[in-house]
Amino acid sequence: MCLQNFPCQEVERHNKPEVEFKTCKELLLNPILICRNESEKCLIESSINSLRISIKVKQADELENILAKKFLRFLSMRAESFQVLRRKPVQGYDISFLITNFHCEEMFKHRLIDFVVAFMEGIDKEISELKLSVNTRGRLVATEFLRQFT
Amino acid sequence: MAAVGVQHLAQCITCHAWNSDMSMVALCPNNNEVHIYKASMDSNSVWERVYVLEKHEQLVSGIDWAPKSNKIVTCSHDRNSYVWSLEGDQWQATLVILRLNRAATSVEWSPQENKFVVGSGAKTVCVCYYEEDNNWWVSKLIRKKHHSTITSVAWHPNNVLLATTSTDSKCRIFSAFIKGVDARKDATTAFGDVKFGEELIQLDLACGWSFGVHWSPSGNSLAYVGHDSTIHFVTDVGPNPRARSISLRHLPLRDVLFLSETRLVAGGFDCNPMLFGSDKSRIWEFISFLDEVKRPAETKTDTVFAAAKGKFKWLGSEPFEENAPTTTHENCITMIRSLAPLSERNPEKSIERFSTSGLDGRVVIWDLTNVDDVLARLRI
């Protein structure tokens, strides 16, 4: 994550994350796509002053689909407090991070990396827990409801 | 061995420059101001801020202090550059008409201090000189030769040749001979008689963006770094240069400084300065890191169970401490400056002290007087 301050080449007095605008080809690095299997992948795009990490989480069935979407939308809506999170995920992915040189100046690089890795590890766990609790609750409610008929 | 003084002066330092006798340092704390501190080489001292120069409107990206004339030149992302001179107790600024339409990225005084060069994001290089008749600084632009932002500029000791590096991964050498400012005899270089703005050599050795170009004290060699973690040395700069590139297994470097004809120090995203040297065979090699890396203390855990329990608390605690910074600088080193006072500067003598500043807001002073002992110990 070797980012540095870079004033915009296209517009004077501006400083934009180059990976978002992609106006100058020479300032972008090759994107890397890491796939664990068909349904889980991670795209890392980098440039001279910014880095974008997009993750697609595993969604085995409909229920997981809905849970993941709601949960990640909840987090993305509160992207301001996370600072490195992007409000809208990149097309084709579930969640995206945008790290700029300003974040690297304020925070330690190794802690930023730890945060992203911990986030990815935590996501799968959270979604399975949510699914378990939904199923448990559904079962309890159904049992109680049908009890009145027996 | 090496770091003798550390000063934490700001959250982030963009660039710094020393005056002629190393008593004051000017630096930019990542905003539009330039702070001048009274420095002392005593490692326990606290540096006192004496002046704040506020004229720029955006980040100050380059500072250089001319040792003989005691003038400071600054350039900023707001496309402007100012020349500051000390009158009595105040620093007075003179605006330089750069005619740039994008941010300026780096600036350097020429060895004779009658010119300075500014590199910019407008893909142009401005060479500025003082016009006595109109009492201001005028610029001459070198256009159309660069394909992208210029990241770093460096003057050859003869006051005429100029090297630039750019994000189009090339390093170019130009002639910056200005009629009326440079004497005709200075124009005879290894390339013969050349006029202003002529591109003499284009070096395409790096595969990534290039930064940090610097000439050796005699001007015979040149070094620059590439973002692909390479460092390139070019010797016998002239019509037939010889080049050597070293690919490093570490993070990319940002800036270099020649300590002598055979020694060079470079610093970058590893937060640790690296020493390179060339021996009798004139081939450059990596010698060693200069910072003693402190191993983090072994975390004491009474039982295996306690350690495992500690790992599960990732929400609150810090399980990844083995990646914590163990070097003096905690964030990228962005600039290296030599600490040789003007009276002691000599092309024959090697520079023994230098300072580095970085994105962690620290200025660290390094002393290499014992480097030969260390090198002797390193060799088997």
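1. Chain B and chain A bury about 2700 Å² between them, with 53% of that area on carbon and sulfur atoms. The model is predicted, so these remarks concern a computed arrangement. On the chain B side, 36 residues are in contact, and they meet 31 residues of chain A.

2. Polar links across this interface come next. The rule finds 11 residue pairs in polar contact between chain B and chain A, both residues of a pair being at pLDDT 80 or more. By class, the chain B side that touches chain A has 13 nonpolar, 14 polar and 9 charged residues. Salt bridges between chain B and chain A number 2.

3. A:Glu12 pairs with B:Arg79, and the closest N and O atoms are 2.8 Å apart. B:Arg79 sits in the loop between strand 7 (71–76) and strand 8 (81–87) of chain B, while A:Glu12 lies in the segment before helix 1 (18–21) of chain A, so the pair joins two chains. A:Glu12 counts as partly exposed because its relative accessibility is 31%, and the buried class requires under 20%.

4. Over all chains, the whole structure holds 23 salt bridges. Side chains of opposite charge can pair when their charged atoms come close. In chain A, a network of salt bridges links A:Glu20, A:Lys22, A:Glu45, A:Arg52 and A:Arg86.

5. In chain B, look at B:Arg362. This residue forms a salt bridge with B:Glu330, the closest N and O atoms being 3.6 Å apart. The pair links distant parts of the chain: B:Arg362 belongs to strand 30 (residues 362–367), and B:Glu330 to the loop between helix 1 (304–312) and strand 28, 32 residues apart. B:Asp360 also forms a salt bridge with B:Arg362, with an N to O distance of 3.3 Å.

6. Burial within this group deserves a check. B:Arg362 is buried, at 14% relative accessible area. B:Asp360 is buried as well, at 7%. B:Glu330 has 29% relative accessibility and therefore counts as partly exposed.

7. Strand 28 pairs with strand 29 (residues 353–358) of chain B in the antiparallel sense, over 5 bridges. One of the bridge pairs joins B:Ile333 to B:Gly358 in strand 29.

8. B:Ser106 is another buried position. The residue is in strand 10 (residues 104–109) of chain B. Its relative accessible area is 11%, so B:Ser106 counts as buried. Leaving aside neighbours within four places in sequence, B:Ser106 is in contact with B:Cys75, B:Val117, B:Val118, B:Gly119, B:Thr151, B:Ser152 and B:Val153.

9. Back in chain A, A:Leu130 is placed in helix 5 (residues 109–147). At 28% relative accessibility, A:Leu130 is partly exposed. Outside four places in sequence, A:Leu130 is in contact with A:Leu67 and A:Phe71. The C-alpha atoms of A:Leu130 and A:Leu67 are separated by 7.4 Å, although the two residues are 63 residues apart along the chain.

How values were computed
Residues are numbered from 1 along each chain as its sequence is written. Chains are lettered from A and ligands numbered from 1 in the order in which they are written. This is a predicted model: local features need pLDDT of at least 70, side-chain atom pairs count only at pLDDT 80 or more; totals for chains, interfaces and linings use all residues. Side-chain values use heavy atoms; hydrogens and water are left out. Contact means heavy atoms within 4.5 Å. Buried area is the accessible area (1.4 Å probe) that two parts lose on being put together, summed over both. A salt bridge is a side-chain nitrogen of Lys or Arg within 4 Å of a carboxyl oxygen of Asp or Glu. A polar contact is a pair of N or O atoms within 3.5 Å; within protein, one must be able to donate a hydrogen and the other to accept it, and residues adjacent in sequence count only if both atoms are side-chain atoms. Ala, Val, Leu, Ile, Met, Phe, Trp, Tyr, Cys and Pro count as nonpolar, Asp, Glu, Lys and Arg as charged, and the others, Gly among them, as polar. Helices (H or I, at least four residues) and strands (E, at least two) are DSSP runs, numbered from the N terminus. Buried means under 20% relative accessible area, exposed over 50%, partly exposed in between (1.4 Å probe, protein chains only). Two strands pair if DSSP finds at least two bridges between them.
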